Amino acid sequence: MGPWLKEGRRYLRIYLFFLKNSVISMMEYRINFLFGILIEIGYLAIKFSYVYVIYRIGVSVNGLTPDEILLFVGAFTIMAGLYSMLFHSNFYMLPEHVRTGTLDLMMTKPVSLQFMATLRSIQIGYAVPNVIGGTAMVVWGWREAGVPATFGNVSLFVLYLLIGLLMTYAVFLAPQLIAFWTVKTNGINEASNALFDFNQMPMAIYSKWIQRVGTFFIPVFLITNLSPLSVLGRLTGWQLAWGLVAPVVFLALVRWIWTTAVRNYASASS
């Protein structure tokens, strides 16, 4: 067994341990868990209202029919659930770890500090309604739009969802790293949430320059747009290539920012 594979298995075991602890913690506060699900169901109802409006007025966006637009809304809903489950609470708490010094304790663990600080908490309750509801939207839109349900199409859709997940990690962790220099990032949290919501509809509704910024410089549109575009046959050659290259570029960038931030980190107890 190679060292990389061995190390990968070790981190997988640690992540499963994080998952177990998160579930145990969640079950200790069942009322909070249930309220969390109810709140997410409320947000899901709002998303369904977009779908209702689209179907009611029969709007078409850049040649996309309401059924095809439903693929984009469904992909966004799935990613919103995964973002809330895997990353949001970890990113939100990072400035607090820096401010209070709990990051010092994490530094003593024999695992990657970035892994520990950004992936430790897993909020399953937030994901359940969104992932189920988003998948239902995708299945409905897929069928009504007449997209062939081939192995290739399904695999391509899932592949770009995974790429979107990597982009979510890179794009929304980077602003939180400012906490190493400024400590508080309340305004950044609000801006990040607003940026994520840009994906509620296809990026074609925005002007060309917003599309370019959201694709290359702050690539939020890569999170949910590539999956529907790929199965609808609307993915251009440069979008396909950039969709594969961008995660590598931005993950490397956020890793560089992280190592720089930690190198200049002054312990809260010092």
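Helix 7, residues 151-173, packs against helix 12, residues 237-263, at an angle of about 35°, with the axes 9 Å apart. Axes here are lines fitted to C-alpha atoms over the stretch in contact, and angles run from 0 to 180 degrees between N-to-C directions. Helices are DSSP runs of H or I, at least four residues, numbered from the N terminus.

A word on the source. This is a predicted model: local features need pLDDT of at least 70, side-chain atom pairs count only at pLDDT 80 or more, and totals for chains, interfaces and linings use all residues. Residues are numbered from 1 along each chain, and side-chain values use heavy atoms, without hydrogens or water.

Back to the pair. Which residues of helix 7 and helix 12 make the contact? From helix 7, they include Y160, I163 and M167. From helix 12, they include G243, P247 and F250. Contact means heavy atoms within 4.5 Å. The residues of this contact divide into 14 nonpolar, 1 polar and no charged. Nonpolar covers Ala, Val, Leu, Ile, Met, Phe, Trp, Tyr, Cys and Pro; Asp, Glu, Lys and Arg are charged; the others, Gly among them, are polar.

Next, the core. The largest nonpolar core has 72 residues. Such a core is a set of buried Ala, Val, Leu, Ile, Met, Phe, Trp, Tyr and Cys residues joined through side-chain atoms within 4.5 Å. Buried means under 20% relative accessible area, with a 1.4 Å probe and protein chains only. M167 and F180 are among the residues with the most contacts inside this core. The largest share, 18 residues, comes from helix 3.

Last, S84. S84 sits in helix 3, residues 66-100. S84 is buried, at 18%. Beyond its neighbours within four places in sequence, S84 is in contact with Q123 and Y126.

Notes: Helices (H or I, at least four residues) and strands (E, at least two) are DSSP runs, numbered from the N terminus. Buried means under 20% relative accessible area, exposed over 50%, partly exposed in between (1.4 Å probe, protein chains only).
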